[in-house]
Amino acid sequence: MPRETCNTCLRPPNVCYCSALVKLANTIKVVIIQHPQEGKHPFNTGRMAYLCLNNSEMLISETLAPQQLGQLLKTPSALLYPSLQWLPETPQLDKGGSILNHKNQQVKIEQLIVIDATWKKSKKILHLNPKLQQLPRLNLNGNLKSTYTIRKTTVADGLSTIESIAMAMTQLEDRSDFSSLLQPFAKMISLQQRSYALETT
């Protein structure tokens, strides 16, 4: 028989983090494109961010249909992703979430697209959906340090999806603080560490 899981966070009852979920109002919509395999990972944080942000959407797919992607990108959008060498050069967002268009006019983005996957799978999503590569990018800078101690990353300064979103939204939505978005994240880590400790005693 399959083990019991919470209908909301999809975690077993002993590590359910739902009591720490928050509801945050965000003006810029967050669209999370989640790789199908990522949703199966027990420590996934993309769903956690989706559950906390009022203005958010989650798409579970590796390749979006052209019509679906076209509809999505009708809204002025930016991609939360590092400016890696193999990606085309695109405008960088300023601190308030604006870019200069080809007419040298300032345009405010209304939607932030986030890829929720391992680094390898996120690159594959970008290769399979090249229109995403052409979007203005928000590249997080500074001394990035994750508290994601229960899951390893192949990138030295890599952040979890929810940490990246919290940092990006605080930057984009002036006068807003999205640090409370990390409350369920902290609880998930604490519960998992406690579960590990019980298993090893």
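Let's start with a cysteine: the sulfur of Cys 52 has its closest cysteine sulfur in Cys 18, 9.4 Å away, which is too far for a bond. A disulfide here is a pair of cysteine sulfur atoms within 2.5 Å, and by this rule the count comes to zero. Cys 16 is in no disulfide either, with the nearest cysteine sulfur, that of Cys 18, lying 3.6 Å away. Cys 52 is also buried, at 0% relative accessible area; buried means under 20%, exposed over 50%, and partly exposed in between, using a 1.4 Å probe and protein chains only.

Before going on, keep in mind that this is a predicted model, where local features need pLDDT of at least 70 and side-chain atom pairs count only at pLDDT 80 or more, while totals for chains, interfaces and linings use all residues. Residues are numbered from 1 along each chain as its sequence is written, and side-chain values use heavy atoms, leaving out hydrogens and water.

Now for the sheet. Five strands make an open sheet in the order E2-E1-E6-E3-E7, with parallel pairing. Strand E2 (56-60) and strand E7 (137-138) stand at the edges with a single partner strand each, so one side of each has no neighbour in the sheet. Strands are DSSP runs of at least two residues (E) and helices are runs of at least four (H or I), numbered from the N terminus; two strands pair if DSSP finds at least two bridges between them. E3 and strand E6 (residues 111-116) pair in the parallel sense over four bridges, and Ser 77 has Gln 111 in E6 as its bridge partner.

Helix H5 packs on this sheet, touching strand E1 (29-34), E3, E6 and E7, and its direction makes about 165° with that of E6. Such angles run from 0 to 180 degrees between N-to-C directions, with axes fitted to C-alpha atoms, for helices over the stretch in contact. In H5 (residues 161-172) sits Ser 164, which is buried at 13% relative accessible area. Leaving aside neighbours within four places in sequence, Ser 164 is in contact (heavy atoms within 4.5 Å) with Leu 80, Leu 140 and Leu 159.

Which residues form an edge-to-face aromatic pair? Tyr 81 and Trp 119 do, at 5.8 Å centre to centre and 65° between the planes. Rings of Phe, Tyr and Trp (its six-membered ring) pair if their centres lie within 6.5 Å; planes under 30 degrees apart count as stacked, over 60 as edge-to-face and the rest as tilted. Tyr 81 is buried at 5% relative accessibility, whereas Trp 119 is partly exposed at 25%.
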